[in-house]
Amino acid sequence: MAAVTLEITPDLETRLRREAAREGLDPQGYILSTLRQHLTGARRAAVPRLTAAEANLLQEINRGLSAETWQHYNELKEKRRAEKLTAAEQAELIALSDRIEEMNVRRMASVIQLARLRQTSVDDLMDDLGIKSPTYE
């Protein structure tokens, strides 16, 4: 048998081990079984389609600021830390912070609705979607 080595993130490894345990398999057996199913098409046929409501909620969950806006936000935070923020920049930082908070509130409301639709917990859904709780500075 040929060997293939994969590098995966710790989060994915944790999920892989948990799913393998649910199936009563060791991780390698679970990976092989999943690959066989996928390659034979059995898994594709069993994949549920998203409802319109789920698709809309996932769109809202994934909505975010542009990379440029995040970069500018982080630059403003750095200026604040260095105590070089002008009054206009402070007002801009506050407005951006408020906008981020509003987006996060909408995102979490959508996560809660999607968890209800899928009849699962918010924590499990966030884990399934790869959403991590934020770390605060």
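Helices (H or I, at least four residues) and strands (E, at least two) are DSSP runs, numbered from the N terminus. This is a predicted model, in which local features need pLDDT of at least 70, side-chain atom pairs count only at pLDDT 80 or more, and totals for chains, interfaces and linings use all residues. Residues are numbered from 1 along each chain as its sequence is written, and side-chain values use heavy atoms, with hydrogens and water left out.

Start with the whole protein. From the N terminus, its elements run α-α-α-α-α-α-α, that is, seven helices and zero strands. The radius of gyration (taken over C-alpha atoms) is 21 Å, well over the 14 Å that the globule rule (2.2 Å times the number of residues to the power 0.38) gives for 137 residues, so the protein is more spread out than a compact globule. Along the principal axes, the C-alpha atoms fill a box of roughly 65 × 35 × 20 Å.

Next, select residues 10-23 (α1) and 27-40 (α2). Their axes (lines fitted to C-alpha atoms over the stretch in contact, with angles from 0 to 180 degrees between N-to-C directions) come within 9 Å and cross at roughly 85°. That makes α1 roughly perpendicular (65 to 115 degrees) to α2. Show the side chains: L16, R17, E19, A20 and E23 in α1 are in contact (heavy atoms within 4.5 Å) with P27, Y30 and I31 in α2.

Now select S110, in helix α6 (residues 87-117). Leaving aside neighbours within four places in sequence, S110 contacts L57, E60 and I61.

Notes:
Angles under 35 degrees count as roughly parallel, over 145 as roughly antiparallel, 65 to 115 as roughly perpendicular and the rest as oblique.
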